[in-house]
Amino acid sequence: MSQAGSKGTGARTRARELLVQALYQKQIADHSLAELSQQFHDQPAYQRVDQEFFDEQLAAICDQQQALQASIDDYIDRPLEQLDPVELAVLLIGIYELQSRIDVPFKVVINECVNLARRFGSIEGHKYINACLDVAARSIRKSEARADNGE
């Protein structure tokens, strides 16, 4: 794997940024995983991301989208259909990582998602993402959250 695609905090952050764009596009244009993969692999930005992380997350989130949305529904205060497409994309990433990527500490998941919402979402959207994922993290990763609180 090339240096540009090597693992690292910056490369993973850039992979998540590309994931938000891909998941947003999936919602708006209803593209398949194959279409999204091809389109994003062809972008110059793909050369600067953790490609393995991007590919694995995109495939898993697309495959599990219905179940992930059902989980998101447990942590939000409005109907799923009322979420902004960017907020939904960020929450899909966050809930997926909280459930399936236990190698990523929950605080990192929340921080990365808040930053994604700041970059791509509405002015106050990051606060909503923070609140939803904080509640989700305390539920999904109970022992990690308790240990973080010194319990």
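A charge is said to sit over a ring if NZ of Lys or CZ of Arg is within 6 Å of the ring centre and within 35 degrees of the ring normal. By that criterion, Arg78 lies over the face of Tyr128, 4.0 Å from the ring centre.

Good morning, colleagues. The structure before you is a predicted model, in which local features need pLDDT of at least 70 and side-chain atom pairs count only at pLDDT 80 or more, while totals for chains, interfaces and linings use all residues. Residues are numbered from 1 along each chain as its sequence is written, and side-chain values use heavy atoms, with hydrogens and water left out.

I begin with the nonpolar core. The term denotes a set of buried Ala, Val, Leu, Ile, Met, Phe, Trp, Tyr and Cys residues joined through side-chain atoms within 4.5 Å. Buried means under 20% relative accessible area, exposed means over 50%, and partly exposed lies in between (1.4 Å probe, protein chains only). In soluble globular proteins, nonpolar side chains tend to be buried together. Here the largest nonpolar core has 46 residues, and Phe54 and Ile72 touch the most other members. At least two residues of this core come from each of helix 1 (9-29), helix 2 (33-41), helix 3 (51-63), helix 4 (65-73), helix 5 (85-100), helix 6 and helix 7 (125-140). The greatest contribution is that of helix 5, with ten residues. Helices are DSSP runs of H or I, at least four residues, numbered from the N terminus.

Let us turn to Phe54. Its relative accessibility is 0%, so Phe54 counts as buried. Which residues is Phe54 in contact with, leaving aside neighbours within four places in sequence? They are Ala15, Leu18, Leu19, Ala22, Phe40, Tyr46 and Val49, where contact means heavy atoms within 4.5 Å.

Aromatic rings come next. Rings of Phe, Tyr and Trp (its six-membered ring) pair if their centres lie within 6.5 Å; planes under 30 degrees apart count as stacked, over 60 as edge-to-face, and the rest as tilted. The whole structure holds two aromatic pairs. In one of them, the ring centres of Phe40 and Phe54 are 6.3 Å apart and the planes stand at 40°, so this pair is tilted. Because Phe40 lies in helix 2 and Phe54 in helix 3, the pair ties together parts 14 residues apart in sequence. The rings of Tyr46 and Phe54 have centres 5.8 Å apart and planes at 75°, which makes that pair edge-to-face. Phe40, at 1% relative accessible area, is buried, and Tyr46 is buried at 6%. Through these ring pairs, Phe40, Tyr46 and Phe54 form a cluster.

Helix 7 is my next topic. Its 16 residues reach 22 Å from first C-alpha to last, close to the 22 Å expected at 1.5 Å a residue; the expected span is 1.5 Å times one less than the number of residues. The buried residues of helix 7 are Gly125, His126, Tyr128, Ile129, Cys132, Leu133, Ala136 and Ala137. They lie on the same side of helix 7 because they cover an arc of only 155° around the axis, the arc being that of the directions from the helix axis to the C-beta atoms.

Finally, I consider two individual residues. Gln69, in helix 4, is buried, with a relative accessible area of 14%. Not counting residues up to four places away in sequence, Gln69 touches Leu80, Leu88 and Leu92. Lys107 belongs to helix 6 (residues 106-120) and is partly exposed at 49%. The C-alpha atoms of Lys107 and Asp148 are separated by 9.3 Å, although these residues are 41 residues apart along the chain.
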